[in-house]
Amino acid sequence: MTSLTPILQGNLQGYILVALLLFVIGLFVVLSRRTVLIQFMGVELMLNAANVALLAFARARGNDVQATVFYLFIIAVAACEAAVGLALVVGLFRLRQTTDSDRADALKL
């Protein structure tokens with residue numbers, strides 16, 4: 001029995017491990033990169049890690065319908081958040097000619 005067996009069998013521990021890995025990778029990206037666009041992608045990765053964990057728990061509870069509906073609601077909110085975030089990045093680039101988060105410390109015009 002290898003350490004990858006829970007992941008390959010598709011049980012709750014495997015899903016939680018995948019969600020944890022996604023969250024840690026997203027957190028690392030947010031903390032290590034200076035580009036706002038890449039940081040934004042890291043935040044999206046962390047949000048999707050939370051969604052994977054939510055669906056894993058829903059599946060463990062016997063395919064809970066409420067969790068699945070909540071998951072779809074989170075996906076809709078994430079799509080709206082992505083549109084607003086990308087608009088902010090484009091606005092920042094037009095204003096400062098860069099997407100470096102260190103140069104975007106003041107959000108005033």
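How are helix 3 and helix 4 oriented to each other, roughly parallel or roughly antiparallel? In this predicted model, helix 3 spans residues 36–60 and helix 4 spans residues 65–96. The two pack at an angle of about 180°, and angles over 145 degrees count as roughly antiparallel, so helix 3 and helix 4 are roughly antiparallel to each other. Their axes lie 11 Å apart.

On the side of helix 3, the contact with helix 4 is made by Val36, Leu37, Phe40, Val43, Glu44, Leu47, Asn48, Asn51, Leu54, Leu55 and Ala58. Helix 4 contributes Ala67, Phe70, Tyr71, Ile74, Ile75, Ala78, Glu81, Ala82, Gly85, Leu86, Val89 and Leu92. Sorted by class, the residues of this contact comprise 18 nonpolar, 3 polar and 2 charged.

Helix 3 also packs with helix 2, which covers residues 12–32. Here the angle is about 165° and the axes are 7 Å apart. That angle makes helix 2 roughly antiparallel to helix 3, because it is over 145 degrees. The crossing of helix 2 and helix 3 is left-handed. In the contact of helix 2 with helix 3 there are 20 nonpolar, 3 polar and 1 charged residues.

Two residues show local detail. Leu12 belongs to helix 2. Its relative accessible area is 33%, so Leu12 is partly exposed. Apart from neighbours within four places in sequence, Leu12 touches Ala56, Phe57 and Ala60. The C-alpha atoms of Leu12 and Ala58 are 9.8 Å apart in space, although the two residues are separated by 46 residues in sequence.

Gln39 sits in helix 3. With a relative accessibility of 19%, Gln39 counts as buried, because the cut-off is under 20%.

An unreviewed UniProt entry annotates residues 12–31, 38–58 and 70–93 as "transmembrane region". In the model, residues 12–31 are 100% helix and 0% strand, with the end C-alpha atoms 28 Å apart. Residues 70–93 are likewise 100% helix and 0% strand, and the end C-alpha atoms of that span are separated by 34 Å.

Notes. Residues are numbered from 1 along each chain as its sequence is written. This is a predicted model: local features need pLDDT of at least 70, side-chain atom pairs count only at pLDDT 80 or more; totals for chains, interfaces and linings use all residues. Side-chain values use heavy atoms; hydrogens and water are left out. Axes are lines fitted to C-alpha atoms, for helices over the stretch in contact, and angles run from 0 to 180 degrees between N-to-C directions. Helices (H or I, at least four residues) and strands (E, at least two) are DSSP runs, numbered from the N terminus. Angles under 35 degrees count as roughly parallel, over 145 as roughly antiparallel, 65 to 115 as roughly perpendicular and the rest as oblique. Contact means heavy atoms within 4.5 Å. Ala, Val, Leu, Ile, Met, Phe, Trp, Tyr, Cys and Pro count as nonpolar, Asp, Glu, Lys and Arg as charged, and the others, Gly among them, as polar. UniProt positions are given in the numbering used here, feature names are shortened, and annotations may be inferred rather than shown by experiment. Buried means under 20% relative accessible area, exposed over 50%, partly exposed in between (1.4 Å probe, protein chains only). A crossing is left-handed if the near helix is turned anticlockwise from the far one by less than a right angle, and right-handed if clockwise.
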